[in-house]
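Trainee: I would like to go through a structure with you, one question at a time.
Mentor: Go ahead; we will keep to what can be computed from the atoms.

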Amino acid sequence: MTNNWAVQTRALNKDYGRKRAVVDLNLEVPSGTIFALLGLNGAGKSTVLKMLVGLVRPNAGEGFCLGMDIHSRENEIRQKVGYLGAEPRIYGYMTVLQAIKFCRGFYREWDDGIVKHYLDVFQLAGATKLNQLSQGQKNQLALLLALAPKPDLLLLDEPTSGFDPVKRRLFFNAVLKEMLAEGKTVLLASHQLEDMERVADRVGLMHRGRLVHTCPLDELRDREKEIRVVFQKEPPSELFNNPGIVELKKEGMAYRILISDGLEEIWQSCAAFPHYALDVISPDLEDIFLRYTGEGLQRD
Amino acid sequence: MINSALFIKELVENRIKFWIALVILSVMALAIPLLFDFTKELEHMDLSPLVNPEELSFILSNYHNYAWSQWTAKNLTQFASLAAIVLGMGALAGEMAYGTAPFLLSKPLTRRQVYMTKTGAGIFLLGLIICISTLVLIAMSAMLGYELHVGSLITSTVVVFVGASVIYLGTAFFSTLIPDPVKAGVVAGLFWALAAVPGFFQATVPYSVYYQMKAIPYWLYGDFPWFSLLVLFGLGYLFFEGGNYYWNRKDF
């Protein structure tokens, strides 16, 4: 375990009865990055975050947060890790200020400036009872409460669920950038691809409890390309024998060729054959996810 | 080990139960000295077979016996047991039923700290209810000029408090297993009702928690109830560790 990783897991497993929620997870989240864990509902993303913060007990494997063992140092981890669960429930009878006061009592470090700042940003009135807040406002308050202890690592599960578009943009443009500027690490679990494409440095694709792929988002985009070509007549089948072609789809004379390696060579082969149109496009995250898992993610 | 922020939250959440229990038990405490003269009249009535005349005569022979029989052995034991179930049934199940457990447990507290603080707050409230209502009895008795052996009454009350704490911890144990306060309360109520059965038979009466709570030999012979306290502490410890074990293993 080195300090280069804010999160590191080795063969981490979690079963709920017969259901395998997380299977042999080997996850490495570099310090100072925004890492997006993407997957369908039930893919195991939330369970991963919960295991890291001690809400769920792993059945097997190792895990480290900020270099601390999740099995033996969960209390210290929670001093330094902010966790925002999906649709968090906070005590409805408390007011916003009472909830803040309640949470302050648990931490060695607490920044009232952050509290004031985000109360203003999210326009949360201190005297409002929590059961009168919308789910989006509850998420905003829970986020504020996760940020106030100045965590070194933020674990956010569907953090913008229920946010209006303005607050969502604010979250990604301001909150996350502030975290990064301070050298902190953010691990996000989400199925909202558009948002993740905008902010993530690295992505991990989860499917049925397994981490099927992980790499920097830019590298994924650079490596994964698609050629769309409309030939004037049927091309010879040898044209598609290149090992860099990972998937081929044909509709009449139109072909979609998904490439992981040898783009230049394949493009020249296609260009050499009579065609009406020939384009190279970068697939979006959804296309990439689809290729790795065989299932599409939903877009909000 | 006790976290003050969580402790205060627990007191606030249970305040309504606390006030209701305190008011009811205090009214019961007030009624005991106020009804002494009226109850004494019963001695001249034939209440057999409902009441053993010798027993009645002994109880009404002096105010202290009467107060002990009505308070420590009856009202306090029964109502404190009920209050312990009502306070304990939501101790852990409430956090699970209302979905607030993940929020709480993501804070830097160990599960044991959470369990200890929550049960500690419940027992503290139970202690306050018992203490204040007993003081009401003592004060009212003094005001009406009745002679009460305050020291032995308080000692008896401490034993009742320990017994009620055991019932609370047992209920908290069920509250850990069953993530619904009402269901946990019903199961705990049934369990503690069954626990009364040994007290119905002469041969098994020492195995009744309620018998141990009343510390009858202490009242009759003045023997300090070491054995009762030892049994109750042991039982309470088992419930505490059992509940804590399951709480620690739960996924949220």
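Predicted model: local features only at pLDDT ≥ 70, side-chain atom pairs only at ≥ 80, totals over all residues.

Mentor: Residues are numbered from 1 along each chain as its sequence is written, while chains are lettered from A and ligands numbered from 1 in the order in which they are written.

Trainee: In what order do the six strands of the open sheet in chain A lie?
Mentor: Strands (E, at least two residues) and helices (H or I, at least four) are DSSP runs, numbered from the N terminus. Two strands pair if DSSP finds at least two bridges between them. The pairing in this sheet is mixed, and strands S7 (81–84) and S11 (210–216) of chain A are the edges, each pairing on one side only. The order is S7-S8-S9-S4-S10-S11.

Trainee: Which residue of S10(A) stands opposite A:Leu38?
Mentor: S4 (residues 34–38) and S10 (residues 202–207) of chain A run parallel and are joined by four bridges. In this pair, A:Phe35 stands opposite A:Arg202. Opposite A:Leu38 is A:Leu205.

Trainee: What is the bridge partner of A:Ala36 in S9(A)?
Mentor: S4(A) and S9(A) also pair in the parallel sense, over five bridges. The partner of A:Ala36 there is A:Leu188.

Trainee: How many residues of S4(A) are buried?
Mentor: A residue is buried if 20 or more other C-beta atoms, placed from the backbone, lie within 10 Å of its own, exposed if 12 or fewer, and partly exposed in between. A:Ile34, A:Ala36 and A:Leu38 point one way from S4(A), A:Phe35 and A:Leu37 the other way, and all are buried. S4(A) is therefore largely enclosed by the rest of the structure, the count of buried residues being five of the five.

Trainee: Where does H6(A) bend?
Mentor: H6 of chain A covers residues 165–181, and its end C-alpha atoms are 23 Å apart, which agrees with the 24 Å that its 17 residues should span at 1.5 Å a residue, the expected span being 1.5 Å times one less than the number of residues. A bend is the angle between axes fitted to the seven residues ending at a residue and the seven starting there. The buried residues of H6(A) include A:Val175 and A:Phe171. The bend is about 35°, at A:Phe171.

Trainee: How many residues of chain A are in contact with chain B?
Mentor: Two residues are in contact if their C-beta atoms, placed from the backbone, lie within 7 Å. On chain B, helices H1 (4–13) and H7 (101–105) each supply at least two residues of the side that touches chain A. Chain B brings 18 residues to this contact, and the number from chain A is 18.

Trainee: Is A:Gln123 buried or exposed?
Mentor: A:Gln123 is found in the loop between helices H4 (112–121) and H5 (135–147) of chain A. A:Gln123 has a positive phi of about 55° although it is not a glycine. With 10 C-beta neighbours inside 10 Å, A:Gln123 counts as exposed.

Trainee: What is the phi of A:Glu87?
Mentor: A:Glu87 lies in the loop between S7 and helix H3 (96–104) of chain A. A:Glu87 is partly exposed, with 15 other C-beta atoms within 10 Å. Although A:Glu87 is not a glycine, its phi is positive, at about 45°.
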